[in-house]
Amino acid sequence: MEKLAIHGGTPVRSRPLPPNYPGAVVYGSEEAERVSDVVLAQAPFRYYGAKLRHAVQSLEDAIAHDLHTPYALAVSSGTAALMVAMKALGIGYGDKVIIPAHTFLATAGAVVCCSAVPVYCDIDESMNLDPSDLERVYDDEVKAIIVVPILGNPVDLDPILAFAASKGIAVIEDMAQSCGVRYKGRFAGTIGTIGAFSFQMNKIVTSGEGGAVTTADVRLMERAIRYHDQGGLRDRARYGIDSPDEQFAFSGQNYRMSELAGAVMLEQWKKLPGIISAMKRQHDRIAATLRSEIPGIRFRSCPDDEGCIGSNLGILWPDAETAARFNQAMSAEGVQSYMLYGGKPVYMLPALFHKRTAESRHSPYDYPFKRPVDVHEQLCPRALDLIPRATYIPISPILSDQDTTDIIEAALKVHRLLRLPAYS
Ligand SMILES: *Cc1c(COP(=O)(O)O)cnc(C)c1O
């Protein structure tokens, strides 16, 4: 008699599947040689050094070229990319920024650290921002919308761009989890006003830490460069900028990328198309099999199947309890399936819920907004309902066909033996 591993049966999988680090698991001699070249050249800083290798500059050129956008700036993290993007737009004290209720805490944290206040917009079954909720949360103190394609799933940008244009506000694409995602044939991150990428280890391509900002607007790029480099603009010729410093300078941060990270990222970047096609092939195979074998199974919705990178297979269950039972039983079978962020909207995190900041006085939340920013549990009811019902199976770029077969087998076995209720 077939028995689930949680009930003492034999797990489908005894050898562990590859870890959930799509970029790091394809590290090889390419990254090692490139970074070793920078070390041996004794040139770890991007802007000067006797034998400077220009790894960071080459990375920026490669990103801009491959994403078909005019400008890319490498920075030290995805959070830094968000900060730089907002400061390029001039966002600060007294401003509100709309973000989705479902995202990593860094999206909200960056807004607060920019001295602005996050306003939470509900999500839909794509698990991304629901364009139809924008009108409800918007007021004229909002300066930008940050959209976040969650775990490789494109955001339905057209209605969001139309809304933003009608209000004259910016759209920032937080691409941290979804490098390489496309929407209607264009690379996400280059479609809104400005894009922010992360190269931290959990993301699609990685240098351990790192990030990038992309834009088609040279004025925004100048401000981004300045904010990330203490207000300075070192290579004007590269951007065809000849404005005098005195007029445009402001105080900035140091969010520069080191040449060591740049060297690794330059080689990682070349691997992005291969990583995506490998993930997508296995993702689509698992999805197609589950769809035909499990009547009524429901995946998170996708506004552009072509543009999804397949890094995670998102399943929506009829209720949170079923989702939790599925995850638990899958783990016992040796196949990871997880719920994101403790199953809660981002605003339920204590720092955001209680509006706590590092400042002892003059917190961004203290600004006398015309319409005060309210945070309470029922703020975004669809997010509250959907997030704990969504489970994700990570899809590594190095899954073998046998690995994928095991993932499918585990999901079918769990579904069959747990007699999970179908989506109605
Ligand atoms: C990871 C992540 C970030 C932050 O990136 P870091 O490189 O870790 O600073 C921002 N937004 C989202 C949605 C993320 O997943």
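This is a predicted model: local features need pLDDT of at least 70, side-chain atom pairs count only at pLDDT 80 or more; totals for chains, interfaces and linings use all residues.

Colleague: How many aromatic pairs does the structure hold?

Modeller: There are eleven aromatic pairs. Rings of Phe, Tyr and Trp (its six-membered ring) pair if their centres lie within 6.5 Å; planes under 30 degrees apart count as stacked, over 60 as edge-to-face and the rest as tilted. One of the pairs is Y93 with Y367, which is edge-to-face, at 5.2 Å centre to centre and 90° between the planes.

Colleague: Which parts does the pair of Y93 and Y367 tie together?

Modeller: Y93 is in the loop between α3 (78-88) and β2 (96-100), and Y367 is in the loop between α12 (350-353) and α13 (381-386), so the pair links parts that are 274 residues apart in sequence. Helices (H or I, at least four residues) and strands (E, at least two) are DSSP runs, numbered from the N terminus.

Colleague: Is Y93 buried, exposed or partly exposed?

Modeller: Y93 counts as partly exposed, at 43% relative accessibility, and Y367 is partly exposed at 30%. Buried means under 20% relative accessible area, exposed over 50%, and partly exposed in between (1.4 Å probe, protein chains only).

Colleague: And what about F104 and Y341?

Modeller: Their ring centres are 5.9 Å apart with the planes at 35°, so this pair is tilted. F104 lies in the loop between β2 and α4 (105-113) and Y341 in the loop between α11 (320-332) and α12, so the pair ties together parts that are 237 residues apart in sequence. F104 is partly exposed at 37% relative accessibility, as is Y341 at 29%.

Colleague: What lies over the face of F104?

Modeller: K203 does, at 5.5 Å from the ring centre. A charge sits over a ring if NZ of Lys or CZ of Arg is within 6 Å of the ring centre and within 35 degrees of the ring normal.

Colleague: Let us turn to helices. At what angle do α1 and α10 pack?

Modeller: Helix α1 (residues 29-40) and helix α10 (residues 259-293) pack at about 155°, with their axes 8 Å apart. That makes α1 roughly antiparallel to α10. Angles under 35 degrees count as roughly parallel, over 145 as roughly antiparallel, 65 to 115 as roughly perpendicular and the rest as oblique.

Colleague: How are α3 and α7 oriented to each other?

Modeller: They are oblique: the axes of α3 and helix α7 (residues 218-228) come within 8 Å and cross at roughly 125°. Axes are lines fitted to C-alpha atoms, for helices over the stretch in contact, and angles run from 0 to 180 degrees between N-to-C directions.

Colleague: A change of topic: where is S311?

Modeller: S311 is in the loop between β10 (298-299) and β11 (312-316), and S311 is buried, with a relative accessible area of 4%.

Colleague: And where is P345 found?

Modeller: P345 is in the loop between α11 and α12, and P345 is buried at 1% relative accessible area. Leaving aside neighbours within four places in sequence, P345 is in contact (heavy atoms within 4.5 Å) with A101, A383, L384 and I387.

Note on methods
Residues are numbered from 1 along each chain as its sequence is written. Side-chain values use heavy atoms; hydrogens and water are left out.
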